[in-house]
Amino acid sequence: MMISETHGNQSKILTIESLNRRIIAIKYAIRGPIAIRAAEIEQQLKKDDHNFPFDHLIRANAGDCHASGNQVPITYIRQFIAGCSYPPLMETPDFPLDIKCKVESLLSACGGRSLGSYTEAPGIFTIRQDIADYIHRRDGHPSNPEDIYLCDGVTNGIRTVLKLIMNNDLKKPSGVMTPIPQFPLYSATLSEYGIYEIEYYLDEDNNWEVNMEELEKALNKEKDNCVPRCIVVINPGNPTGKKRFSIKN
Ligand SMILES: Cc1ncc(COP(=O)(O)O)c(C=O)c1O
């Protein structure tokens, strides 16, 4: 951390004024004022003398099914993670055989049979191979595990790809087409990286479809301000819920 208190005539190194302007410009609605107000209300609800006509909040801002209590965690995934991180659990009769086999197969691919060991930079090869096989089965054409890069969540993957298309040209930055409405990660990351956002509207009257005319309109409007390089298509749509079976068109 680079913040230092004022000592003698030395001043703070990192202040709101000196902070990277692009970070200040970031907007992330699902963590914004409504989420902050919800946290305040939650604190007030813990007190006996609150005046709210309800006694608990359901946070719908981030679509968090687990936090709302409406989605039971999937046992298979929990057992698999538990077994990999604490292998002695596999000796108990409570774990089904298929989980034990999966755990064994992953641990045997890890250095020292430990989930804590370092992996290759793109991730454990066996997992990438499984993903490639899945893509092959699903899409009917071969997939190369060497082309697969594992990330801890979607955010890091998206940020890595967007970083690759930055051109660092302040006068004519790279442009990325993003849907409206969208999940805020995209506009926030573009703003952080200084990438130009080309907004295109989804067609609400047509079940939130991507509309070719609208894409062309948005592109033509902004193409002189940036170098258009990429389009974000969210599938299935968040927050619209629209499932696009094919984006070929
Ligand atoms: C469209 C979209 N992109 C990115 C994310 C962020 O994903 P993660 O939490 O895995 O980083 C989400 C999360 O809901 C999302 O819906």
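What do the buried residues of H7 pack against?

1. Ground rules. This is a predicted model, so to speak of a local feature takes pLDDT of at least 70, side-chain atom pairs count only at pLDDT 80 or more, and totals for chains, interfaces and linings use all residues. Numbering starts from 1 along each chain as its sequence is written, and side-chain values use heavy atoms, with hydrogens and water left out.

2. Layout. The protein is split into domain 1 (68-116), domain 2 (119-150) and domain 3 (154-231), with bounds from an automatic or database domain assignment. The centres of domain 2 and domain 3, taken over C-alpha atoms, are 27 Å apart.

3. Helix H7. Back to the opening question: the buried residues of H7 pack against helix H1 (21-24), helix H6 (154-164), strand S1 (174-180) and S2. Helices (H or I, at least four residues) and strands (E, at least two) are DSSP runs, numbered from the N terminus. H7 covers residues 185-193, and because 8 of its 9 residues are buried, the helix is largely enclosed by the rest of the structure. Buried means under 20% relative accessible area, exposed over 50%, and partly exposed in between (1.4 Å probe, protein chains only). Among the buried ones are Leu185, Tyr186 and Tyr193. Just after H7, glycine 194 takes a positive phi of about 70°.

4. The ligand's surroundings. Around the ligand you'll find Gly153, Val154, Thr155, Phe183, Leu185, Tyr186, Ile234 and Asn238, where a residue is near if one of its heavy atoms lies within 4 Å. H6 and H7 each supply at least two residues of this shell. By class, the shell has 5 nonpolar, 3 polar and no charged residues. In this scheme Ala, Val, Leu, Ile, Met, Phe, Trp, Tyr, Cys and Pro count as nonpolar, Asp, Glu, Lys and Arg as charged, and the others, Gly among them, as polar.

5. Atom pairs at the ligand. A backbone N or O atom of valine 154 sits 2.8 Å from a ligand oxygen atom. Tyrosine 186 has a side-chain N or O atom 2.7 Å from a nitrogen atom of the ligand. For asparagine 238, a polar side-chain atom lies 2.6 Å from an oxygen atom of the ligand. The protein covers 64% of the 390 Å² of accessible area that the ligand has on its own (Shrake-Rupley method, 1.4 Å probe).

6. Most residues other than glycine have a negative phi, and most peptide bonds are trans. Here, the bond from isoleucine 180 to proline 181 is cis, with omega near 0°, and proline 181 is in the loop between S1 and H7. Another cis peptide bond joins asparagine 238 and proline 239, with omega about 15°. Asparagine 168, in the loop between H6 and S1, has a positive phi of about 55° and counts as exposed at 65% relative accessibility. Asparagine 207 has phi near 50° and lies in the loop between S2 and H8.

7. Tyrosine 201 lies in strand S2 (residues 196-201) and is partly exposed at 46% relative accessibility. Not counting residues up to four places away in sequence, tyrosine 201 touches Ile180 and Glu214, contact meaning heavy atoms within 4.5 Å. Glutamate 222, in helix H8 (residues 212-222), is buried with a relative accessible area of 14%. Leaving aside neighbours within four places in sequence, glutamate 222 is in contact with Tyr196 and Ile198.

Key. Polar contact = N/O pair within 3.5 Å; in protein donor to acceptor, adjacent residues only side chain to side chain.
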